[in-house]
Amino acid sequence: MTTSSPLDPAPLPVRGKLAAAWTSLIFLILYIDYFHLYQPGEIDSIRNGVIFEFAISGGLMSIFFVIIALPGLMVLLSATLPARANRLTNLVFTSLYIPLIVFNAAGATPDYAFYYVLTIGVELAIMAYILRTAATWPRTAPAALQK
């Protein structure tokens, strides 16, 4: 007979929490964009050179790259930046990214409303977690108090 002992709930450092949240977000963004292609007429629209009413061009694709690169880069930056710069970078980039996520609802049709509410809601929940985690980053006690 074996006895079980409680699992060690080793705390994850703030950097790890932020990097994990950004990783989760980038995967969701990519899958949501992929699933968008299943909506009737989307592939035909792309074949006709249009995405979201915008003509496909090098400039548009560059904008899309920047939009997608940001969360990908935030995984790396969250894991490597010094604490103060990390906190500020997460607060600023998340605040700038929220309107981009909400903008995705602009193309929603009534029959896909639940899909957009669900997907955007999950993305916003992750970004709220990022904002909360960065904003409440624990501070160390001053050296004089640590003695």
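**Close-up views of a predicted model**

**View 1. Helix α3 lines the largest pocket.** The largest share of the lining of the largest pocket comes from α3, with six residues. This is a predicted model, in which local features need pLDDT of at least 70 and side-chain atom pairs count only at pLDDT 80 or more, while totals for chains, interfaces and linings use all residues. Residues are numbered from 1 along each chain as its sequence is written, and side-chain values use heavy atoms, with hydrogens and water left out. The largest pocket holds about 920 Å³ of space. Its lining has 36 residues, and Asp33, Ile51, Phe52, Phe64 and Asn104 are the closest to the centre. Two or more lining residues come from each of α1, α2, β1, α3 (58–80), α4 (83–103) and α5 (113–135). Helices (H or I, at least four residues) and strands (E, at least two) are DSSP runs, numbered from the N terminus. A pocket is an open set of points on a 1 Å grid over the protein atoms alone, with protein on both sides within 12 Å along at least five of seven lines; a 1.4 Å probe that fits but cannot get out marks a cavity instead, and lining residues have an atom within 4 Å of a point. Grid points are joined across faces, edges and corners, and the volume is the space filled by probe spheres set on them.

View 2. Phe52 counts as partly exposed, because its relative accessibility is 37%. Glu53 counts as exposed, at 75%. Buried means under 20% relative accessible area, exposed over 50%, and partly exposed in between (1.4 Å probe, protein chains only).

View 3. Leaving aside neighbours within four places in sequence, His36 is in contact with Glu42, Phe52, Tyr115 and Tyr116. Contact means heavy atoms within 4.5 Å.

**View 4. A nonpolar patch lies on the surface.** Its residues are Phe27, Tyr31, Tyr34, Phe35, Leu37, Tyr38, Ile43, Ile46, Ile56 and Met61, with about 980 Å² of accessible area together. The elements that give two or more residues are α1 (14–36) and α2 (42–47). Helix α1 gives the most, four residues. Tyr34 lies in α1 and is partly exposed, at 42% relative accessible area. Patches are made of residues with over 30% relative accessible area and no salt bridge; like charges are joined within 9 Å, nonpolar side chains (Val, Leu, Ile, Met, Phe, Trp, Tyr) within 5 Å. Accessible areas come from the Shrake-Rupley method with a 1.4 Å probe, and for residues only the protein chains shown count as cover.

**View 5. Arg47 and Asp44 form a salt bridge.** The structure holds one salt bridge. The closest N and O atoms of Arg47 and Asp44 are 3.9 Å apart. A salt bridge is a side-chain nitrogen of Lys or Arg within 4 Å of a carboxyl oxygen of Asp or Glu. The two residues are separated by about one helical turn, because they are three residues apart in helix α2. Arg47 is exposed, at 67% relative accessibility, whereas Asp44 is partly exposed, at 47%.
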